[in-house]
Number of protein chains: 2
Amino acid sequence: MNLEHLRVDIGRLMDRIDDLAELGAIGGNGVCRLALTPEDKAGRDRVLDWMRALGLSIRIDGMGNVVGVRPGRTPGPPVMTGSHIDTVRTGGRYDGNLGVLAGLEVIQVLDEAGIETEHPLAVAFFTNEEGARFAPDMMGSLVFVGGMDLDVAHEVVGIDGRRVGECLTEIGYLGEAACGQYPVRCFVELHVEQGPVLEAESITIGAVERVQGISWSEYTIRGFSNHAGTTPMRLRKDAGYAAAAVACEVRRLAARMGGDQVGTVGALNLKPNLVNVVPNEAVLTVDFRNTDEALLRAAEAQLSAFLDTLSAQEGVEISSRRLARFEPVPFHETVIAGVERTARDLGYSVRRMPSGAGHDAQMLARICPAGMIFVPSAGGISHNVKEYTSPDDIEAGANVLLHMLTELAEA
Amino acid sequence: MNLEHLRVDIGRLMDRIDDLAELGAIGGNGVCRLALTPEDKAGRDRVLDWMRALGLSIRIDGMGNVVGVRPGRTPGPPVMTGSHIDTVRTGGRYDGNLGVLAGLEVIQVLDEAGIETEHPLAVAFFTNEEGARFAPDMMGSLVFVGGMDLDVAHEVVGIDGRRVGECLTEIGYLGEAACGQYPVRCFVELHVEQGPVLEAESITIGAVERVQGISWSEYTIRGFSNHAGTTPMRLRKDAGYAAAAVACEVRRLAARMGGDQVGTVGALNLKPNLVNVVPNEAVLTVDFRNTDEALLRAAEAQLSAFLDTLSAQEGVEISSRRLARFEPVPFHETVIAGVERTARDLGYSVRRMPSGAGHDAQMLARICPAGMIFVPSAGGISHNVKEYTSPDDIEAGANVLLHMLTELAEA
């Protein structure tokens, strides 16, 4: 059978994207579907309905990861695609969702064309990729590949004091399938770039070579509360000032290191958080990323040295907790080259590039050849309600995914 | 009648302090009695019970300020003492409360000694002195002296979104007496120092000469939310970083100006406040104080110039809102000298000093001769559950108050 002219139905795919975006919709076309919330449950239920309508056999594991499988001519590990459907608190409708729904579109195109593949095909969505409610991010796919014990994951406490395990039970997604044992033939994930590179260079497809390493830490700074009017500056142990000094140092550090190094203080909370009281406690997060593990370690070491000095100077105690730590992950050359070739065959411009964000594919890379397809993000904007990728670019990405999966399932 | 040997009953005064501290008690001997909360209502009810038991005639105005009056031989404006009973969120049991309860103790001593004074005596407590829930601080006494319209005060929205007026109604303290018209003969407030000076110099009584000027501003910084991994540092509009830069500048500015200048960023809130999202909004407060109005203005101007530069460099919008602004207030020489002389007559060590904190007495200074008596704060600690003043020092301060009020009410 000649598969060259197979194409996705972009109208149908966009309808599903818009449909899913209504669950947890927030102003400005955004989505708030934090992991394991009622909104997440609603989104999961919707995707499961679609999976069932496509006749996929559903597997839900103890982490709430969902895999829908389309049988091949011969049994065995499936060629898998997928991503996640959880979002950050003020997120867009493409991040994660696109990869899952494009997977369903691929299945439907093959079904309608009456095409059976040699190996099974699977579409998955993984729990809590964002890490916006529970740390670390990519938790579901990490547990899926056996990189974190299920019991440990279940005990993780979220920003609202709730535990992963109880929330899974509450929304009815504590499945019975085992974690860490599911064999996968290979994994390809379609995702929006979430950065400005493809758009700036007018390129449609990114063949992702590797993912930046990620270092997330939470620092708790303990000083001493006192009256803001009567306490001389020299006698203060101001946890709020110390936290601000850390945030300024993170910025200076990234500027000093240059290259791929980024650093962000995204969360910061003071106690008692009152205008006229010197704060006695500050809790803040630091997010460092670099494509080079040695440089990422250097950033961590430099911040650590700064904290020691700051602690002594201000008379505050600083304790740290690692929220997440992933080394940079290289993808499989076969998949990278396959994305490049497929894009060119379909007439799309393509370039190799790193990923600035973490993705489920980097976890799957631990157990099988894995790779990613990027499509442009308007203005490089993501984790924001203004996140946008044009239907033309989505169509291109989904077509590359369609041909990659079909080819890999025949190989 | 010879009044020389009159003394307060320190046991009775300490009992009242401990009793009041049970209402809104928090761990570590602290108190959380934010203005116009159910805890504040409970505290008010208790003090009113005591006032009624002492036979005082009660006056509650539209701001919830309470004045209890003991008649003199001749009618006319009373010699007044008092303070406040609201606290910060993690406050102590002496700040404000001492001044009110020592006032009641003075009344009881005079009653038991059968002493009538020429002029009436009054004990007052003023609403929302702390400003920890509603800005500005000293709101009740400001409205009491006619410095702020009652209607404006009623519309002030607190940190929890509630309005002053509705909260006054809710706790049953929206009184009928008019604001801004009550004549006062003179005002003396006993208060803990809330700073380290008296303790460091082993002096028992502070004769307060003036109060620092206070400048409170709230800044809202608007940047742009984006993915913390994929957004190059140079393309960020990071409201969180900008807020941290302001907090660091406030510290540098106070160090640069030296002298009495203090500066504090006590409250800081980020949105969306997530580890992996560049914050798009930060709201922070700046508290500047100085005993010299020209220097206080210089601090404000320097910060304003810094904000202009920061806004341009980071590409963020910064808007400001004044929460409170009070010029330094000198107290009346007659009262200052009276505190000094009375303390010496009673055998207590005394020094003149400024107040680093704002107090109700500075508002009363707008309508009558006013002054303050300070007693030592252990470790200079206040606005903290560890706030402590020894019973001996409290007794000394209350005795100075007793003799000051008696003398002024006879003069």
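Which residues form one aromatic cluster with F126(A)? In this predicted model, the cluster is made up of F126(A), F144(A), Y182(A) and F187(A), and a search of the whole structure finds 8 aromatic pairs over all chains.

A pair of aromatic rings is described by the distance of the centres and the angle of the planes. For F126(A) and F144(A), the ring centres are 5.2 Å apart and the planes stand at 70 degrees, so this pair is edge-to-face, given that an angle over 60 degrees counts as such. F126(A) sits in the loop between β6 (121-125) and α4 (139-144) of chain A, whereas F144(A) belongs to helix α4 of chain A, so the pair ties together parts that are 18 residues apart in sequence.

Another residue to look at in chain A is T117(A), which is found in the loop between α3 (97-112) and β6 of chain A. With a relative accessible area of 0%, T117(A) is buried, and its side chain reaches the backbone oxygen of H119(A) at 2.7 Å. Leaving aside residues up to four places away in sequence, T117(A) touches R70(A), G72(A), R73(A), L110(A), A409(A) and E410(A).

From here we can turn to the place where the two chains meet. The size of an interface is often given as the accessible area lost when the parts come together. Chain A and chain B bury about 5,200 Å² between them, and 60% of this area is on carbon and sulfur atoms. On the side of chain A, M233(A), R251(A) and V275(A) lose the most area to chain B, together accounting for 15% of what that side buries. The contact draws on 63 residues from chain A and 63 residues from chain B.

Polar and charged groups also take part in this interface. Between chain A and chain B there are 2 salt bridges, one of which joins the side chains of R251(B) and E314(A), with N and O 2.8 Å apart. Across the interface, 26 residue pairs are in polar contact. Several elements of chain A give two or more residues to the side that touches chain B, among them α8 (239-257) and β14 (281-290), and the largest share, 7 residues, comes from α8(A). Sorted by class, that side of chain A has 29 nonpolar, 24 polar and 10 charged residues.

Terms used:
Residues numbered from 1 in each chain as written. Chains lettered and ligands numbered in written order. Predicted model: local features only at pLDDT ≥ 70, side-chain atom pairs only at ≥ 80, totals over all residues. Heavy atoms only, no water. Contact = heavy atoms within 4.5 Å. Buried area = accessible area lost by both parts, 1.4 Å probe. Salt bridge = Lys/Arg side-chain N within 4 Å of Asp/Glu carboxyl O. Polar contact = N/O pair within 3.5 Å; in protein donor to acceptor, adjacent residues only side chain to side chain. Helix = DSSP H or I, 4+ residues; strand = E, 2+ residues; numbered from the N terminus. Nonpolar A, V, L, I, M, F, W, Y, C, P; charged D, E, K, R; others polar. Phe/Tyr/Trp six-rings, centres within 6.5 Å; stacked < 30°, edge-to-face > 60°. Buried < 20%, exposed > 50% of the residue type's maximum accessible area, 1.4 Å probe, protein only.
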